[in-house]
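Visitor: I'd like to learn how to read a fold from its coordinates. Could you walk me through this one?

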Amino acid sequence: MGTLTDILSLAQQRARDLNLPYAGALTPTEAHQVWQAAPGARLVDVRTRAEWDWVGRIPDAAEIEWMSYPGNQPNPHFLTELKRQIDPEAVVLFICRSGQRSSKAATVATEAGYSNSYNVLEGFEGDKDARGRRNAIGGWRKAGLPWQQG
């Protein structure tokens with residue numbers, strides 16, 4: 001891929017094209033490159049504890065549930081936990097299973113002053129295939145990026 005500036009510019013253009021309320025949208029490979037290259041960048045995994053334990057974890061990612069398990073209720077402490085763990089000046093990359101919850105997390109983070117919030121498109125597992133299964137179309141794992149079994 002290109003330089004850090006090129007990748008972030010592309011992500012920001014996607015956000016403008018899609019009228020997203022946060023800084024940008026990155027593919028998993030782009031997100032990994034940004035995470036490695038941008039000083040102080042943080043990857044925030046907003047999946048549930050069950051997903052981290054049973055599906056897999058991304059080493060060194062901050063883990064802050066967007067929805068709580070069990071019960072699938074919004075985490076009332078999301079912003080408190082984010083503020084405790086993540087510098088608001090950092091480039092913050094949000095990831096979930098498919099990119100939906102992380103988009104909401106990036107929106108809320110932006111509204112709370114995290115102006116460098118990005119969503120990781122496709123998420124950890126990607127979209128469902130024709131048989132209704134994940135991990136075959138897109139996603140962090142499919143891209144061969146670092147992860148470990150929970």
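Visitor: What is the order of the five strands in the open sheet?

Guide: Some ground rules before that. This is a predicted model, where local features need pLDDT of at least 70 and side-chain atom pairs count only at pLDDT 80 or more, while totals for chains, interfaces and linings use all residues. Residues are numbered from 1 along each chain as its sequence is written, and side-chain values use heavy atoms, with hydrogens and water left out.

Guide: Now the general idea: strands of a sheet pair through backbone hydrogen bonds, either parallel or antiparallel. Here the order is β1-β7-β6-β2-β3, with parallel pairing. Strands (E, at least two residues) and helices (H or I, at least four) are DSSP runs numbered from the N terminus, and two strands pair if DSSP finds at least two bridges between them. β1 and β3 (62–63) have a single partner strand each, so one side of each lacks a neighbour in the sheet.

Visitor: How many bridges join β2 to β6?

Guide: Four, and the two strands run parallel. In that pairing, Leu43 stands opposite Leu93 in β6.

Visitor: Which strands does α2 lie across?

Guide: α2 lies across β1, β2, β6 and β7, at about 105° to β1. Axes are lines fitted to C-alpha atoms, for helices over the stretch in contact (heavy atoms within 4.5 Å), and angles run from 0 to 180 degrees between N-to-C directions. Helix α5 (residues 100–111) also packs on the sheet, touching β6 and β7, and its direction makes about 180° with that of β7.

Visitor: Which residues of α2 are buried?

Guide: In α2 (residues 28–37) they are Pro28, Glu30, Ala31, His32, Val34 and Trp35. Buried means under 20% relative accessible area, exposed over 50%, and partly exposed in between (1.4 Å probe, protein chains only). Ala37, also in α2, is partly exposed because its relative accessible area is 45%.

Visitor: Which residues touch the most other members in the largest nonpolar core?

Guide: In soluble globular proteins, nonpolar side chains tend to be buried together. A nonpolar core is a set of buried Ala, Val, Leu, Ile, Met, Phe, Trp, Tyr and Cys residues joined through side-chain atoms within 4.5 Å. In this 22-residue core, they are Leu26, Val34, Leu43, Ile58, Leu93, Tyr118 and Trp140. α1, α2, β6 and β7 each supply at least two residues of this core. Apart from it lies another core, of 18 residues, among them Tyr22 and Met67.
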